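Please look at the sequence and the model below, and then work through the points that follow, which are grouped by topic.

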Amino acid sequence: MLNKYFRVIVGFMVLLTVFLTYYVSINWLWFGVFIGVNMIQSAFTKWCLLETILIKLGVKK
């Protein structure tokens, strides 16, 4: 269940980045860069802030 929530939230954030970059400012691309770097970092360290937050909110693994 945690994996499903994680994928939905990250997918929404990526789409939000595309929308905000197109309609608001090119600077929103930095948010997309942050998302990508965080996903790469979590692959190596096995720690992700979003996963920690979801677990504290009660989402089951």
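I35 touches V10, M13, V14 and T17, where residues up to four places away in sequence are not counted and contact means heavy atoms within 4.5 Å. This is a predicted model, in which local features need pLDDT of at least 70 and side-chain atom pairs count only at pLDDT 80 or more, while totals for chains, interfaces and linings use all residues. Residues are numbered from 1 along each chain as its sequence is written, and side-chain values use heavy atoms, with hydrogens and water left out.

**V10**
- V10 lies in helix 1, residues 2-23, where helices are DSSP runs (H or I, at least four residues) numbered from the N terminus.
- With a relative accessibility of 10%, V10 counts as buried, a term that means under 20% relative accessible area, whereas exposed means over 50% (1.4 Å probe, protein chains only).
- Apart from neighbours within four places in sequence, V10 is in contact with I35, M39 and L50.

**The largest nonpolar core**
- Eight residues make up the largest nonpolar core, namely L2, F6, V10, I35, C48, L50, L54 and V59; such a core is a set of buried Ala, Val, Leu, Ile, Met, Phe, Trp, Tyr and Cys residues joined through side-chain atoms within 4.5 Å.
- Helix 1 and helix 3 (49-56) are the elements that give two or more residues to this core, and helix 1 provides its largest share, three residues.

**K46**
- K46 is placed in the loop between helix 2 (29-45) and helix 3, and K46 is exposed, with a relative accessible area of 71%.
- The phi of K46 is near 60°, a positive value in a residue other than glycine.
- Most residues other than glycine have a negative phi.
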